[in-house]
Amino acid sequence: MTRAGFVAGNWKMYGNLVQNQELLAAIVLGIPSLQNASCAVCVPYPYLAQAQSVLKGTHVAWGGQNISQHHQGAYTGEVSAGMLTDFGCRYVIVGHSERRTLYGEDNQMVAEKFHSAQEQSLVPILCVGETLAQREANETEQVIARQLDAVIGLVGVNAIKQSVIAYEPVWAIGTGETATPQQAQDVHAFVRNRIAAHNSEIAADIQIVYGGSVKANNASELFAMPDIDGGLIGGASLVAAEFISICFAAQ
Ligand code: PEP
């Protein structure tokens, strides 16, 4: 891997103060440093202060799992990008398939969230990916092209440079079913080529990570593929030993 590796944990709606403290402390202890790789955990909003307090000054960054596309206003229950930066966040996930499916986020809204994140100097982790039905209908590339083009269309390709792209096939998220390294590599190469059509330098530099049932025992073979630069990790990021070992696999 010529690009630096990157691994982010997506805690989803799991955790509590006591468990988080244990998990964060174990991660910090287990990852004193990484060679040519970095890592982060994306925690539920109420635990951002806890993440900041434990992780500040360590090699583990932190972030949120979603933001509003708006800066401020009468949007009950929403959280803005600026609020995340108040808690020292470096990253925010945008367009996770659970947000797209369960909360009706469409490509345009995800693009606006991406823009909003960057306006506050957050690094968006942009999730793209197809459902099983779309894969079976041979629509994977069209779906991902639409998801990607909506963002590039709004922010321009230069802005993409300051982001991470996560290919997450919906059928592999939380299912225990992982894309084969070759299946994932094919889509990662497609994403990189699509960006290269705008700017080959940005395409060569951008980190594209894979998400979907990545575990300690399959991370190395996935990350060994030429266009897979690390992972976005759900379930396994809640187990310190698993997450630590996945982070080391991205070196
Ligand atoms: C995710 O939530 O982004 C994810 C990839 O989940 P899991 O690793 O559990 O499949």
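Trainee: Which residues in α5 meet which residues in α7?

Mentor: Asn107, Gln108, Val110, Ala111, Glu112, Phe114, His115 and Gln118 in α5 meet Arg146, Gln147, Ala150, Val151, Leu154 and Val155 in α7, where contact asks that C-beta atoms, placed from the backbone, lie within 7 Å. This is a predicted model, in which local features need pLDDT of at least 70 and side-chain atom pairs count only at pLDDT 80 or more, while totals for chains, interfaces and linings use all residues. Residues are numbered from 1 along each chain as its sequence is written.

Trainee: Why are α5 and α7 called oblique to each other?

Mentor: Helix α5 (residues 107–119) and helix α7 (residues 140–155) pack at about 45°, their axes being 8 Å apart. Angles under 35 degrees count as roughly parallel, over 145 as roughly antiparallel, 65 to 115 as roughly perpendicular and the rest as oblique, and the pair is therefore oblique.

Trainee: What makes β5 and β6 a pair?

Mentor: Pairing requires that DSSP finds at least two bridges between two strands, and strand β5 (residues 123–128) is joined to strand β6 (residues 164–167) by four bridges in the parallel sense. The bridge partner of Leu126 in β6 is Ile165.

Trainee: In what order do the eight strands close into a barrel?

Mentor: The order is β1-β2-β3-β4-β5-β6-β7-β8, with parallel pairing.

Trainee: Which residues come nearest to the ligand?

Mentor: Ile173, Gly174, Gly211, Gly234 and Gly235 come nearest among the 14 residues around the ligand, a residue being near if its C-beta atom, placed from the backbone, lies within 6 Å.

Definitions and conventions. Axes fitted to C-alpha atoms, helices over the stretch in contact; angles between N-to-C directions. Helix = DSSP H or I, 4+ residues; strand = E, 2+ residues; numbered from the N terminus. Contact = placed C-beta atoms within 7 Å.
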